[in-house]
Amino acid sequence: MTALLAVVLVAIVVFPVNGVVAQAASTPKPTPSPSATSGRGVTPEATPTSKGTPTSKATPTSKATPKATPTPAKTTDAAPETEPTPGSMEPVVSSAGFTHPGVFDSLDSLETSRKHLFAGDKPWTTVFQQLVASPYVAREAPDFSQFASATATDPLSQRCSLDDPAGCVTYCGSFSVPDVGCTDARQDARAVYAQALMYWYTGNAGYAQRAIAILNAYATHFKGNVGSNGPLMTAWIGETMLRGAEILRYTYAPDEGDEAFDVKGFSTMLRTTAVPTLSTFDYGPYNGNWKLSAADSLINTAVFLDDRELYNRALTMWREAVPAYIYVSEDGRVPASPVSSTGLYQSRTDLSCFWLANKVDSCQTDPKTDPHFGFQNGQAQESCRDFGHTALGLGAIINAAETASIQGDDLYGEQQDRIMSGVLYAVQVSQTYEKEGWPRGFCDSATDLTANLSLANLAAEVVYNAYAIRKGVHFSAIKIRGYSTSYPKNDPLAAFIAARRTDRNPIGDVSAWEGLTHRLANKPVQAIKYTEQPTPVVSATARASATPTAEADSGDSGVVDSDLGFAMPATVLGVAMAVAASYLVMRHRRKPL
């Protein structure tokens, strides 16, 4: 019987049904009451509405970082004394009025997306396969050997270690040249978010432990980012890492003997390394994606720290930056100038040359002369520079608005026309350029225009869900000079999302796995009983590519989207599912990797 059962279990793992596997899964533990302080500022004191407590205990493990494959392990231990109840988890509302988890992902969107995943719905299953196959789910805690010592006089040669009493910093030049820990820090941030999602969707505490090991390493050793790109690196880390930190803080309770998230130490690190830079650095003279990324990161930081004053300061940054980044016809002849203590870009000539990335002759003279630039409705400040940086700016706008919406602030509504026009302009040009070239009058007489129209970091699914699904506002095509392209149902953004889903899944700074977490995030799905929830497991093909590999610092890599279903005789599959379900439903307790 044991041998037969083993064969059945293998068959179930190898042959998914509707993109998921008939294997029982644990539901993440009910929210623990946050007991660690949040640094200076208000400490979250409120507990979840539900009085639930963790209902199962896995075998204690060493506090060392888990050394495991990125695929959830099958449980073989005895059933827990009481069955976990998915409905018992409720959001935490702190004494400062913040809802947790509340950085980019709300508890509602996480639970809804999990139900879609367990129901075998696409694209949730497809993007989950890509998440499992990414190198980040297996990334371990850093040893900081690629970072510089915080007291280094020459950060290019004086590297750091876990034994360095001064702590460790990154040293980042423009475009990460030089790169001393810069790529590593970005990958650590992505890994925390990826592993937090893996914990949420599989219930496997090994992922949570791995992410916590990274977070605690930063809490203990990280002292900030230096170099010309240091302020931008600070923003990028906070944009992604805090998503995962927030999920784990409010959904995961470690078992006895497991490593706990050092919330107090991590909060202190944020207060000393991130907050001073994000809240005081003058981002105005730089391209707009800098200030927008900083506003997004500062909003995340304020929510995590439960700091209302800091949060309001971050909203002000966002409100200053957005009108200066996206032009709409209602602005008049010129867009808003960046808010800056330097007073740059206040004249029409300087502002036009700034938007043109100085790519016209009149902007090369001293003094510059007015290029008579014709701003186009929906154009972004960096459109003439390239669309990759434009996507970073637009993505930061959207992701900050998403976090604010969880906290009850409708930034989406405040700048609805501007955000929608900016997104539509970018996706319409990206989809039309190959056939019809640049729009008529695009960037006027600019030379060296970049034809790479990658929008990997545009949070397309997030903004579509925010307007088209939650608000019921249609993404109708905007008029762009010289373009006559039509779109299915007159919805360019839906066409863009559909096309991108057949390409590589973006895993950049601000749009990682959004098709899993934010696709139709408020669309009702039928409730699934606990015993019916299978563990999503990556297919054999994707699993083979899940080994961590070196990644170029491109912000856009992943695996090719494909139909991951397999054929299996219905009778054999039905019997296998029935036998496996009757066996595994008694063994659904969470177990570390």
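Helices (H or I, at least four residues) and strands (E, at least two) are DSSP runs, numbered from the N terminus.

1. A word on the model. This is a predicted model, in which local features need pLDDT of at least 70, side-chain atom pairs count only at pLDDT 80 or more, and totals for chains, interfaces and linings use all residues. Residues are numbered from 1 along each chain as its sequence is written, and side-chain values use heavy atoms, with hydrogens and water left out.

2. The chain as a whole. You will find 18 helices and 6 strands in the chain. Of its 593 residues, 58% are buried, where buried means under 20% relative accessible area, exposed over 50%, and partly exposed in between (1.4 Å probe, protein chains only).

3. Contacts along the sequence. Take the contacts between residues at least 6 apart in sequence: 79% of them join residues at least 24 apart. Contact here means heavy atoms within 4.5 Å.

4. The loop between strand 2 and helix 2. Do look at this loop, which runs between strand 2 (99–100) and helix 2 (107–118) and holds Pro101. The peptide bond from His100 to Pro101 is cis, with omega near -10°. Phe104 lies in the loop between strand 2 and helix 2 too, and has a positive phi of about 70° although it is not a glycine. Phe104 is buried, at a relative accessible area of 2%.

5. Another cis bond. Asp366 and Pro367 are joined by a cis peptide bond with omega of about 5°. Pro367 sits in the loop between helix 10 (348–355) and helix 11 (387–406).

6. Asp444. This residue belongs to the loop between helix 13 (416–436) and helix 14 (460–471). Is Asp444 buried or partly exposed? Asp444 is partly exposed, with a relative accessible area of 34%.

7. Helix 11 against helix 14. These two helices pack at an angle of about 55°, their axes 9 Å apart. Axes are lines fitted to C-alpha atoms, for helices over the stretch in contact, and angles run from 0 to 180 degrees between N-to-C directions. Helix 11 and helix 14 are therefore oblique to each other; angles under 35 degrees count as roughly parallel, over 145 as roughly antiparallel, 65 to 115 as roughly perpendicular and the rest as oblique. Helix 11 brings Ile398, Asn399, Glu402 and Ser405 to the contact, and helix 14 brings Val462, Val463, Ala466 and Arg470.
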